[in-house]
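Okay, thanks for coming, everyone. Let me put the model on the screen and then we'll walk through it together.

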Amino acid sequence: MIYAIMDIGSNTVRLSVYKEKNGEAVNLFSEKDQVSLKSYVKGGRLSEKGIKRLHSTLAKFKAVVDNFDDIDEVHPFATATVRDVANRSEILSLIKEDLGLEIEILSGEKEAQLAFVGAAVSTDVKEGVLCDIGGGSTEVVLIDQGKVIKSTSLSIGSLSAFNDYVDGLFVDKLSRKEIEKRVVQLFDDASMYREEFKVLSAVGGSARAALMVYREYYDLGDDVRTMNAADFNKMVKDIIKKSDKKKMHLILDIKPDRIHTLLPGMVIMDKICKFFSVETINVSQTGVREGYVYSKLLGRK
C-alpha cells in the first residue's frame, strides 16, 4: 500500500508519500509549501485570502498525487489553525466540494499522541518530555516507561509567537521574555507542573531547523542529532543579542524559509527545557505524519 499524507499546519502544508514495506513506512518523497495560515486569521476566522492560499496548495498537491497511479489512499489532516477558526466547517466543505478531499481535524491531544508514535520510529522515547513546536500550537507529552502519562497542547507556536510578541522581524530580549512568560502561563493553565526530566525528544520542522543552527554555531557534523540543553540556551541568548543584520545572515545561510519563525520556535523549545530541567535534547527525524501512518493506517500503538 502507498499512502499520501497532507499535513495542514499553521505555517506549512506538507505532502508526504509513504510505502508500506514489511510493516514499516518508507518515505518515498515529500513536498511543502510555506502557506502561513495563522497570519490570515482575522477575528477568529480564516480570511478569504488565507482560504485561497490553502485551496491553491491542496489543489497543487492533489495534482501531484493524481499523477501517480500507484497511490492507494490520500489522507489530509489539519492541526491548530484550521482546528481553531470559527469558519472551519465552511473551509472543510469547500475543499471537499472543489477537490474531493476530506480533511480530518486532529485534536491537540491526538496530535500529541501521534507525535509520540512518530518520534518513536527514529528516537528512543522511553522516558522524558516530547515536544512538537508547530506554527500555531506546541504539543507537549510526558513519557514514562515508554507510555504517555500526560499530554497537552499549548496555544503558542513559532508563527503565532512571532505574530503576537515580535514587533520587528526578529526576537529581541523583550519579546523573548514575553514568549517565555506565555509558555509558563499556558503550562499553568494546563496544570502541567514543573518536574525534572533529563531528556527532551523534539519533533517537527522547528526542532530540525534549530538543530541545523546548533550544528553551525558549534561547528558540528551533519550526523549530530543531539543538543546539550545548556549549550542550546547559551546559543539562543547569544543569537538574540546579535544585531538584526547578523541574525538575518545567520538564518538566511541556514534556513531562509524560517527567517521570521526560527527564533520564536527556539525560544519556546529553550523555555520547555528550562521548565522541565532538561539536560539533553534529542531531535527526531520523524513525527506527526509518520505517527499518523503507523497509528491510524498500520495499527501500531
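Quick question to get going: is Glu102 buried or exposed? Glu102 comes out as exposed, at 55% relative accessibility. My cut-offs there are under 20% relative accessible area for buried, over 50% for exposed, and partly exposed in between, with a 1.4 Å probe and protein chains only.

Before I go on, the ground rules. This is a predicted model, so local features need pLDDT of at least 70 and side-chain atom pairs count only at pLDDT 80 or more, while totals for chains, interfaces and linings use all residues. Residues are numbered from 1 along each chain as its sequence is written, and side-chain values use heavy atoms, with hydrogens and water left out.

By salt bridge I mean a side-chain nitrogen of Lys or Arg within 4 Å of a carboxyl oxygen of Asp or Glu. Lys96 itself is partly exposed, at 46% relative accessible area.

Next one over: Lys296 with Glu104, a salt bridge at 3.1 Å between the closest N and O atoms. Lys296 sits in helix H11 (residues 288-297) and Glu104 in strand E7, so this pair ties together parts that are 192 residues apart in sequence. Helices and strands here are DSSP runs numbered from the N terminus, helices being H or I with at least four residues and strands E with at least two. Both partners are partly exposed, Lys296 at 37% relative accessibility and Glu104 at 26%. There's also a network: Arg176, Glu180, Asp270 and Lys274 are joined by salt bridges that share partners.

Overall, the structure holds 14 salt bridges. Now take Arg83 and Glu111, whose side chains meet at 3.1 Å, N to O. Arg83 is in helix H2 (residues 80-84) and Glu111 in helix H4 (residues 108-122), so the pair links parts 28 residues apart in sequence. And how accessible are they? Arg83 is buried at 13%, and Glu111 is buried too, at 7%.

On to the sheet. Five strands make an open sheet, in the order E3-E2-E1-E6-E7, with mixed pairing. At the edges you've got E3 (24-34) and E7 (104-105), each pairing on one side only. Pairing means that DSSP finds at least two bridges between two strands. E2 (residues 12-21) and E3 run antiparallel and are joined by ten bridges.

Last stop, the surface. Which residues form the positive patch? They're Lys173, Lys177, Lys237 and Lys241. For a patch like this, residues need over 30% relative accessible area and no salt bridge, and like charges are joined within 9 Å. The charge of a Lys is placed at NZ, and the areas are Shrake-Rupley with a 1.4 Å probe. Helix H6 (173-189) and helix H8 (229-241) each supply at least two of the patch residues. Lys237, in helix H8, is partly exposed at 37% relative accessible area.

Helix H6 has another side to its story: Ile179 lies in that helix and is buried, at 0% relative accessible area. From Ile179 to Phe162, 17 residues away along the chain, the C-alpha separation is 8.9 Å.

That's my tour, thanks.

How values were computed
Patches are made of residues with over 30% relative accessible area and no salt bridge: like charges are joined within 9 Å, nonpolar side chains (Val, Leu, Ile, Met, Phe, Trp, Tyr) within 5 Å. Lys and Arg count as positive and Asp and Glu as negative; His and the chain ends are not counted.
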